[in-house]
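These notebook entries record what I looked up in the structure shown below. I took the topics one at a time.

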Amino acid sequence: MSELLFPILFMLFFVCAEACVLQFTRRQNVDWLDIIFNLNSGHIILWSFRCLEVLCYGFVLKHYSLNLLEDWSVVGLWLFTLLIWDFGFYWLHRLHHQFRLLWAVHVVHHQGENYNLSLGMRNSWYSSLTSIPFFWVLALAGVPLSVFLTVSIVHYSIQFFNHNALTPKLGWLEKVFVTPTHHRVHHLNNKRYADTNYGGTFIFWDKLFGTFCETPSQEKSTYGVKGRKPSLNPMQESNLPFLQMAGILKTVRLRPRQSDCPIFMTGVGAILLFAVVLCYIQRYGYSIDNVDAAQSMLFILLAAGSVALGGISEGQRWGVMVWCLVTLSLPLLFLGLWGWNHAYWVAVMAALAVHGILLTYGLGRRIKRGISEPV
């Protein structure tokens with residue numbers, strides 16, 4: 001699965017590198033807790049639904065393909081897939097802004113108030129699930145799964161790049177491709193701009209269907225969604241829109257960002273957890289057939305760790321307890337019980353265990369010292 005691991009590693013590297021550049025040059029007031037949330041927002045549960053998306057694509061390809069591309073040249077096949085994939089994404093994206101149920105999924109991505117590369121990784125748990133029907137036309141036409149996956153990676157990599165905060169206007173490329181300049185307009189917290197520039201790679205879909213918008217000349221660049229300020233808990237942000245839509249929960253009281261944990265320690269925890277997600281991808285890939293106890297437990301612990309980091313970022317005591325439980329359970333179960341002795345597994349899980357102990361011990365001492373100090 002190296003074709004998946006390398007793009008993810010590059011994304012993680014560039015997110016961290018860009019944030020450091022922005023901090024050093026003071027071009028943006030970097031909110032490190034926001035970046036941690038973006039990296040932590042939905043990677044493991046999103047990956048599960050990505051597996052389901054691939055499974056559904058393969059099912060349609062196997063049983064319902066019309067084999068329309070059998071006699072096409074290799075170049076023709078790839079160009080067709082590049083173009084039609086992006087056409088499907090345009091309508092996927094546009095409909096996510098127009099239907100309340102789909103917006104409940106997509107709003108998590110738009111809640112980010114800082115425009116940088118980490119925003120390209122900020123997603124709802126369910127974003128891959130809602131994309132399933134939009135690419136079936138490629139399966140019906142007979143595009144091989146390997147071509148579909150490669151083209152998907154290319155398009156998602158371009159979309160990730162378009163969330164960067166450093167790239168200026170790109171000259172003639174602005175007339176053909178979606179660029180960071182175009183996409184920044186889409187993330188402004190004014191609805192008349194957010195409902196434009198839906199394209200993923202090619203900007204001519206927006207021009208063709210009347211949804212293109214130039215950068216407003218006098219509009220203040222304020223990003224996010226008007227209304228409630230989002231929390232740092234990925235489980236809450238992925239599910240709250242549905243609870244509110246169903247009338248189960250009208251309002252939610254948010255805790256202020258008052259974490260006792262140093263941001264550096266929270267960030268290291270997020271990166272280590274991300275490293276375990278890479279382990280998961282490397283070992284299981286897109287497989288959700290014959291799921292065994294180890295895969296199920298790894299999924300549960302990764303999801304719990306993601307939620308725990310959100311709790312730690314908001315100063316929730318339960319976040320520390322869950323994080324400690326997750327980081328100690330991983331090596332005990334996978335290195336001890338199941339004997340996963342690959343060097344990468346041993347290094348990452350051992351580092352997580354040390355991180356969990358240090359974080360719990362350090363916060364315990366800090367809280368104890370705070371209680372004992374006179375008011």
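I counted a charge as sitting over a ring if NZ of Lys or CZ of Arg is within 6 Å of the ring centre and within 35 degrees of the ring normal. By that rule, I found the charged end of lysine 207 over the ring of phenylalanine 212, at 5.0 Å from its centre.

I note that this is a predicted model, in which local features need pLDDT of at least 70 and side-chain atom pairs count only at pLDDT 80 or more, while totals for chains, interfaces and linings use all residues. Residues are numbered from 1 along each chain as its sequence is written, and side-chain values use heavy atoms, with hydrogens and water left out.

**Aromatic pairs.** I paired rings of Phe, Tyr and Trp (its six-membered ring) if their centres lie within 6.5 Å; planes under 30 degrees apart count as stacked, over 60 as edge-to-face and the rest as tilted. The count by this rule is 24 aromatic pairs. Phenylalanine 13 and phenylalanine 14 make an edge-to-face pair, with 5.3 Å centre to centre and 70° between the planes. Tryptophan 91 and phenylalanine 209 are also edge-to-face, at 5.1 Å and 65°. This pair links distant parts of the chain, since tryptophan 91 lies in helix α4 and phenylalanine 209 in helix α10 (residues 204-209), 118 residues apart. Helices here are DSSP runs (H or I, at least four residues), numbered from the N terminus. I also recorded a cluster, linked by ring pairs, of Phe87, Tyr90, Trp91, Phe177, Tyr198, Phe202, Phe204, Trp205 and Phe209.

**Accessibility.** Buried means under 20% relative accessible area, exposed over 50%, and partly exposed in between (1.4 Å probe, protein chains only). Phenylalanine 13 is exposed at 52%, and phenylalanine 14 is partly exposed at 41%. Tryptophan 91 is partly exposed at 26%, as is phenylalanine 209 at 31%.

**Glutamine 111.** Is glutamine 111 buried or exposed? I found glutamine 111 buried, because its relative accessibility is 8%. The residue is in the loop between α5 (100-110) and α6 (136-141). Leaving aside neighbours within four places in sequence, glutamine 111 is in contact (heavy atoms within 4.5 Å) with Arg122, Gly224, Val225, Arg228, Pro230 and Glu237.

**Helices α4 and α5.** I fitted axes as lines to C-alpha atoms over the stretch in contact, with angles from 0 to 180 degrees between N-to-C directions. The axes of α4 (residues 74-98) and α5 come within 6 Å and cross at roughly 105°. Helix α4 is therefore roughly perpendicular to α5 (65 to 115 degrees). Residues making the contact include His93 and Leu95 of α4, and Trp103 and His106 of α5.

Methods
Helices (H or I, at least four residues) and strands (E, at least two) are DSSP runs, numbered from the N terminus. Angles under 35 degrees count as roughly parallel, over 145 as roughly antiparallel, 65 to 115 as roughly perpendicular and the rest as oblique.
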